Amino acid sequence: MSFKVLSLVFPGMTLIDLAGPLQALSFIPGFESQLAWKHTGALASDAGVSVVATHGFDDCWEAPDLLFVPGNTKALFALLEDEQTKAFLARVGARSTWITSVCNGSLLLAAAGLLDGYRAGCYWYARDRLALLGAIPSPGRIVIDRNRMTGGGMTAGIDFGVRVVGEIAGEATGRMVELLMEYAPQPPYGTGRPELCDEALVAGAREALRELMPLGTIERVAAARR
């Protein structure tokens, strides 16, 4: 029996947002994968490594077991105003068993109308803006609300992937995958979330992210939805 995972990919996407979760999800019994974009072919990620879109929006699975959306900075925010991509996600999401994302991919799910009234996680810098798009922001590194599963930023994708395996294939399988992946993180500085940092470090990060994640885009999308 197969388990079909359909992932959105796009030019400039954050590589770890796709690679981390898919590495864990690949352990689900019967795992099959499609990477969908407007057209097939190689797409440059933000890490300089290309990801190949295996299918276009018109020939990928219409009812996958799991729909997955990774995140990014400017490239993801541009998609918030891309009607073709949002229509694709809305169409496939309506037929998917699970609807999922990591990082600020949840913003795109919300912009497509797939998180209305659902609790959702997101990259910390933009998390509170989920409320403008109908979702309920949650600070959890992994957030599960009915058939929606969303993760925090970048490295949280590995936590997310292992947890999804546990939800789909059982806790025993999730525990085995965590061991097989030797997933036992030991961050060298312990500054991976704002609440763990001093104010100066958080202020510096916010300044660096101001241009990379134009929050005004979310406000425009929210106004258009209204």
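Two strands pair if DSSP finds at least two bridges between them; strands (E, at least two residues) and helices (H or I, at least four) are DSSP runs, numbered from the N terminus. The model is predicted: local features need pLDDT of at least 70, side-chain atom pairs count only at pLDDT 80 or more, and totals for chains, interfaces and linings use all residues. Residues are numbered from 1 along each chain as its sequence is written, and side-chain values use heavy atoms, without hydrogens and water.

**Exercise 1.** Determine how much of S1 is buried (under 20% relative accessible area; exposed is over 50%, partly exposed in between; 1.4 Å probe, protein chains only).

Solution. Of the 6 residues in S1, 5 are buried, so the strand is mostly covered.

**Exercise 2.** Describe the salt bridge of Glu167 (a side-chain nitrogen of Lys or Arg within 4 Å of a carboxyl oxygen of Asp or Glu) and the exposure of both residues.

Solution. Step 1: the partner of Glu167 is Arg163, with the closest N and O atoms 3.1 Å apart. Step 2: both residues lie in helix H5, 4 residues apart, about one turn of the helix. Step 3: Glu167 is partly exposed at 37% relative accessible area, and Arg163 is partly exposed at 39%.
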